[in-house]
Amino acid sequence: PGQLRCAAASTNEPQGAEITFKWILDGNVQPEAGKPFTRDDQGITPGDHTVTVVAVDTRSKLESLSSSFQFTKPGAALSVVVQCALRSGDDRAVACYADPKNAPDGAALTYEWLWNGATAAEKDRTLNRDALIDCLYTIQVRAKDSKSGKTTALASTTVQVGSPSKPAGS
C-alpha cells in the first residue's frame, strides 16, 4: 500500500507558543498531531479527498485559519453494470437494475436510462416496462454522482420479448 504524507510549518507565532497541528481528512479529525502527517492509504478509497491542517497553539489554545488541499487517489473509476430480465410470471414485462461499481463513500448517484434510444423518466436504480410487444429491446444506463459531478460511460444490454421476428420470405 501507498502512503499519504503531508507536512506543515507555522510562521509568526508568538514567543513561547507551543505549536502543534490538527489534521483533518475528509472532515474527520485524525488522531495524529504534529508537523508531519503520514497515513497508510489502505483505508482511503479511490477518488477525490480533502486534507485540512490547522495550527494550534496548545499554550494559548488559539487555532489558525485552516489550509486545505484536495488530492485524488487513483483507482477504479465509477462504472455501472445493467442487468435486465423478463419479470417472473409475465413474459411481456421487463425489469432492469443498474449496479454501480466503485462508487465513492457518500456518493449521491442518479441514473439516466435509455429505452431503445429514448430517454426514460426514471432516475433511480431500477427501470420497469410492462405490456411490451415482441421485439429485441436495447436498454442503456449511465450513473452520475451529483457530489463529484462524475458520470459513467453508458452500459448497455438487450432483452428479447416474445419470439424473434422471422426474416421476410420465410
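**View 1. The disulfide between Cys84 and Cys96.** In this predicted model, Cys84 and Cys96 are joined by a disulfide with an S to S distance of 2.1 Å. Cys84 belongs to strand β8 and Cys96 to strand β9, so the bond ties together parts that are twelve residues apart in sequence. The torsion about the S-S bond is about 115°, so this disulfide is right-handed. A search of the whole structure finds one disulfide.

View 2. Three strands form an open sheet in the order β8-β9-β12, with antiparallel pairing. Its edge strands, β8 (79-87) and β12 (126-129), each pair on one side only. On average, neighbouring strands of the sheet are turned by 15° against each other, direction ignored.

**View 3. The pairing of β9 with β12.** Strand β9, residues 90-101, pairs with β12 in the antiparallel sense over four bridges. Within this pairing, Cys96 stands opposite Leu127 of β12. In general, strands of a sheet pair through backbone hydrogen bonds.

**View 4. Cys6 and Cys135.** Cys6 is buried, with a relative accessible area of 8%. Cys135 is in no disulfide, and the nearest cysteine sulfur, that of Cys96, is 13 Å away. With a relative accessible area of 27%, Cys135 is partly exposed, because this value lies between the limits of 20% and 50%.

Methods: Residues are numbered from 1 along each chain as its sequence is written. This is a predicted model: local features need pLDDT of at least 70, side-chain atom pairs count only at pLDDT 80 or more; totals for chains, interfaces and linings use all residues. Side-chain values use heavy atoms; hydrogens and water are left out. Two strands pair if DSSP finds at least two bridges between them. Helices (H or I, at least four residues) and strands (E, at least two) are DSSP runs, numbered from the N terminus. Axes are lines fitted to C-alpha atoms, for helices over the stretch in contact, and angles run from 0 to 180 degrees between N-to-C directions. A disulfide is a pair of cysteine sulfur atoms within 2.5 Å. Buried means under 20% relative accessible area, exposed over 50%, partly exposed in between (1.4 Å probe, protein chains only).
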